[in-house]
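Visitor: I am new to this structure and would like to learn how to read it. Could you walk me through a few features?

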Amino acid sequence: MEPYFNKMTQNGYDQIAAEIAQLQQEKPQRIKVLQAARALGDLSENAEYSSAKRDLRHLESRLRYLNKQLQYAQIIAPKTDGTIDIGNTVTLEFLDDHDQVTYQLVGKEEVDVTAGKISTASPLGQALRGQKAAAVITVTAPEATYQVKILTVA
């Protein structure tokens with residue numbers, strides 16, 4: 001069975017790598033806190049020890065998760081032929097209310113709707129992939145079906 005690759009932009013990869021570096025810098029301090037709490041004595045009634053141990057486990061779990069994301073990462077460069085895929089920025093017009101929005105299509109780990117980053121796995125992202133500017137597409141979402149016109153692709 002072929003492994004599943006986590007498609008993402010270079011920026012998304014760099015953000016995950018930066019978070020890993022930050023967590024690795026925090027780890028020695030968390031270990032010191034755990035050791036200091038252990039030195040306080042009776043571990044069965046030591047809230048500081050339990051808290052420090054939980055925090056360290058959480059940090060290590062996050063590191064394992066992020067390292068797996070990078071291990072199976074496949075960096076996708078934005079297409080330059082006008083076809084929409086991961087990394088491209090698109091400006092859309094919703095045909096029902098003529099509202100215009102600009103989104104960047106990104107991998108699942110990079111989604112941040114407030115920053116204008118939507119996943120290619122979302123209903124809108126799936127409908128946009130492979131399309132070009134001036135196309136009118138129908139998006140089928142769980143709650144509604146709507147049409148958008150692609151104004152620009154960058």
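Visitor: Where is the place of lysine 53?

Guide: This is a predicted model, and in it lysine 53 sits in helix α2.

Visitor: Is lysine 53 buried, partly exposed or exposed?

Guide: Buried means under 20% relative accessible area and exposed means over 50%, with partly exposed in between. Lysine 53 has 37% relative accessibility, so it counts as partly exposed.

Visitor: Which residues gather in the patch of positive charge on the surface?

Guide: Lys53 is one of them, together with Arg38, Arg54 and Arg57. Helix α2, which covers residues 47-71, gives the most to this patch, with three residues.

Visitor: Which side chain does lysine 27 meet in a salt bridge?

Guide: Lysine 27 meets glutamate 60, with 3.7 Å from N to O. Here too the pair links distant parts of the chain, with lysine 27 in helix α1 and glutamate 60 in helix α2, 33 residues apart. Lysine 27 is partly exposed, at 27% relative accessible area, and glutamate 60 is partly exposed at 26%.

Visitor: What does aspartate 85 form a salt bridge with?

Guide: Its partner is arginine 129, and their closest N and O atoms are 2.9 Å apart. Aspartate 85 lies in the loop between β2 (73-75) and β3 (89-94), while arginine 129 lies in the loop between α3 and β6, 44 residues away. Aspartate 85 counts as buried because its relative accessibility is 12%, whereas arginine 129 is partly exposed at 34%.

Visitor: How many helices and strands are there in the protein chain?

Guide: The chain has three helices and seven strands. Along the sequence their pattern is β-α-α-β-β-β-β-α-β-β. The radius of gyration is 22 Å, well over the 15 Å that the globule rule gives for 154 residues, so the chain is more spread out than a compact globule. Its C-alpha atoms fill a box of roughly 70 × 30 × 30 Å along the principal axes.

Visitor: What percentage of the 154 residues is buried?

Guide: Buried residues make up 33%. Among them is alanine 135, at 19% relative accessibility, in the loop between α3 (123-128) and β6 (136-140). The C-alpha atoms of alanine 135 and isoleucine 150 are 5.5 Å apart in space, though these residues are 15 apart in sequence.

Definitions and conventions:
Residues numbered from 1 in each chain as written. Predicted model: local features only at pLDDT ≥ 70, side-chain atom pairs only at ≥ 80, totals over all residues. Heavy atoms only, no water. Patch = residues over 30% accessible without salt bridge, like charges linked within 9 Å, V, L, I, M, F, W, Y side chains within 5 Å. Areas by Shrake-Rupley, 256 points an atom, 1.4 Å probe, with all protein chains shown as cover. Salt bridge = Lys/Arg side-chain N within 4 Å of Asp/Glu carboxyl O. Lys, Arg positive; Asp, Glu negative; His and termini not counted. Charge placed at Lys NZ, Arg CZ, Asp CG, Glu CD. Helix = DSSP H or I, 4+ residues; strand = E, 2+ residues; numbered from the N terminus. Buried < 20%, exposed > 50% of the residue type's maximum accessible area, 1.4 Å probe, protein only. Rg over C-alpha atoms; globule rule 2.2 N^0.38 Å.
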